[in-house]
Amino acid sequence: AGRLTIRPFPHSALGHAQAEWLSPVGKICSGWRYENNKIQMRIEVPVPAEILLPDGREFKVKAGAYSYEVSL
């Protein structure tokens, strides 16, 4: 079986980004935006996944939608 890893790479020159992909196991969504001195992230996965944030934090999550805040 495969493994799903989400690892966003935000860049301040873009300001924000969002993407969706209808994978064979369901829709995967990842988005982020710079807000004040933080990065707001929203990630949605259809299966268990590993989420690796730019500040080094790692989360093993079940299927669902998750929000994270990363301080700059």
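Leu72 is exposed, because its relative accessible area of 62% is over the 50% cut-off. This residue belongs to a predicted model, and it is found in the segment after strand E7. Leaving aside residues up to four places away in sequence, Leu72 touches Tyr34, Asn37, Lys38 and Ile39.

Strand E3 covers residues 26-35 and strand E4 covers residues 38-45. E3 and E4 form a hairpin that has two residues between the strands. Within this turn, Asn36 has a positive phi of about 55 degrees. On its pairing with E7, strand E4 has a further set of bridges. There, Val45 has Gly64 in E7 as its bridge partner. The two pairings are set out below.

| Strand pair | Residues | Sense | Bridges |
|---|---|---|---|
| E3 and E4 | 26-35 and 38-45 | antiparallel | seven |
| E4 and E7 | 38-45 and 64-71 | antiparallel | eight |

**The chain as a whole**

How many helices and strands does the chain contain? Its secondary structure comes to zero helices and seven strands. Along the sequence, these elements follow the pattern β-β-β-β-β-β-β. The radius of gyration is 12 Å, close to the 11 Å that the globule rule gives for 72 residues, so the chain is as compact as a globular protein of that length. Taken along the principal axes, the box filled by the C-alpha atoms is roughly 40 × 20 × 15 Å.

Of the 72 residues in the chain, 32% are buried. Among contacts with a separation of 6 or more, 35% are between residues 24 or more positions apart.

**Surface and charge**

The accessible surface of the chain is about 5000 Å². Carbon and sulfur atoms account for 52% of this surface. As for charge, the chain carries 9 positive and 7 negative side chains. The centres of these two sets lie 3 Å apart.

Terms used:
Residues numbered from 1 in each chain as written. Predicted model: local features only at pLDDT ≥ 70, side-chain atom pairs only at ≥ 80, totals over all residues. Heavy atoms only, no water. Pairing = 2+ DSSP bridges. Helix = DSSP H or I, 4+ residues; strand = E, 2+ residues; numbered from the N terminus. Rg over C-alpha atoms; globule rule 2.2 N^0.38 Å. Buried < 20%, exposed > 50% of the residue type's maximum accessible area, 1.4 Å probe, protein only. Contact = heavy atoms within 4.5 Å. Areas by Shrake-Rupley, 256 points an atom, 1.4 Å probe, with all protein chains shown as cover. Lys, Arg positive; Asp, Glu negative; His and termini not counted. Charge placed at Lys NZ, Arg CZ, Asp CG, Glu CD.
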